[in-house]
Amino acid sequence: MKVLFIINPKAGRGKTDVLVQTIQNVFDNNDLECKIEFTRFPKDATDIVRKYVSQDDYMVVVVGGDGTLHEAMLGIVGSNSTLAVMPNGTGNDFAKMVSIELKKHSHDKMIRNYLNARMERIDCAMINEEYFLNSACFALDAHTANQKDLVDKHKFIPRKLAYIYSLLHAIFTYKGHDCTIDIDGKQVYAGKTMLLTVNNGKFYGSGIPVSPDASFSDGLLDVVYVPMVSKWLVPIVFPILLMGRHRTSRFFRFHTGKHIIIDFGENWDGNVDGELITAAKYDIVIQEASLALLIPEDI
């Protein structure tokens, strides 16, 4: 199978300068060839990947964050190509779910491990007829995630603190919106929410284990929400989540299902795999075993 690297030069705050040489060294030493493409603007990864996988089967290695991974996945789904990830973004929540972390493995070692990777088929989901991999959120969590520009302006903020910084800023501007939540044909909630997320994976917001029971191979979506609370309670609610103690908290509600409909009645912003989305109604359906994912050896 041919190999294509998709690199977001802005991910990881631009720390990709030596990566190309590393890739070339590994492939030269193994008498192998690869293609390397850099993304230039939003949605570019989708177009690049589609162009390649329409011509042949590829192992598509994405070097970037959850947003770049999401775009590349859109170009792969429905083809015979496989997806691989080298996390280099702010969140890297999908990579955490499959235990791929660069802090444990250098670029060099991870690239070499992918040469002997195993393939697993995992679930994806569709939201309003577009695929996503990991997480879709719609309340204060989405309002926080959509403030990427705020974090980008302050490059001194460590990755792990970026979500918390955005959250503190968002608390003062978030007002919520009435919605209904239907799961597999049954309404489970109507009203405003402080937190509302539909997850295929466990993590969002740079490693927060919001859906601790989620799996990429169970054929289910995990729904977690918090009914609207006073802003003065947010400093209590979110630390519970950040510490992973929310499973037994009275503030949090948990459900699973295959088909989720969230209706706001008018356009309302959400965030899907790190990207802004806007709609009045969100129709979300699990897509079982729809993506071929490569897991590097020795992770």
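Helix H3 (residues 66-76) is largely enclosed by the rest of the structure, because eleven of its eleven residues are buried. Buried means under 20% relative accessible area, with a 1.4 Å probe and protein chains only; a helix is a DSSP run of H or I with at least four residues, a strand a run of E with at least two, both numbered from the N terminus. The model is predicted: local features need pLDDT of at least 70 and side-chain atom pairs pLDDT 80 or more, while totals for chains, interfaces and linings use all residues. Residues are numbered from 1 along each chain as its sequence is written, and side-chain values use heavy atoms, without hydrogens and water.

**Helix H3**
- The buried residues of H3 include Asp-66, His-70 and Glu-71.

**Nonpolar cores**
- A nonpolar core is a set of buried Ala, Val, Leu, Ile, Met, Phe, Trp, Tyr and Cys residues joined through side-chain atoms within 4.5 Å.
- The largest nonpolar core has 46 residues, and Phe-252 is among those that touch the most other members.
- A second, separate core of 45 residues includes Ile-7 and Val-85.

**Cavity**
- A cavity is a set of points on a 1 Å grid over the protein atoms alone where a 1.4 Å probe fits but cannot get out; lining residues have an atom within 4 Å of a point.
- The largest cavity is lined by residues including Asp-66, Leu-69 and Val-85.
- H3, strand S4 (82-87) and helix H4 (93-97) each give two or more residues to this lining.

Notes: Buried < 20%, exposed > 50% of the residue type's maximum accessible area, 1.4 Å probe, protein only. 1 Å grid on protein atoms, 1.4 Å probe; cavity = no way out; pocket = protein on both sides within 12 Å on 5 of 7 lines; lining within 4 Å.
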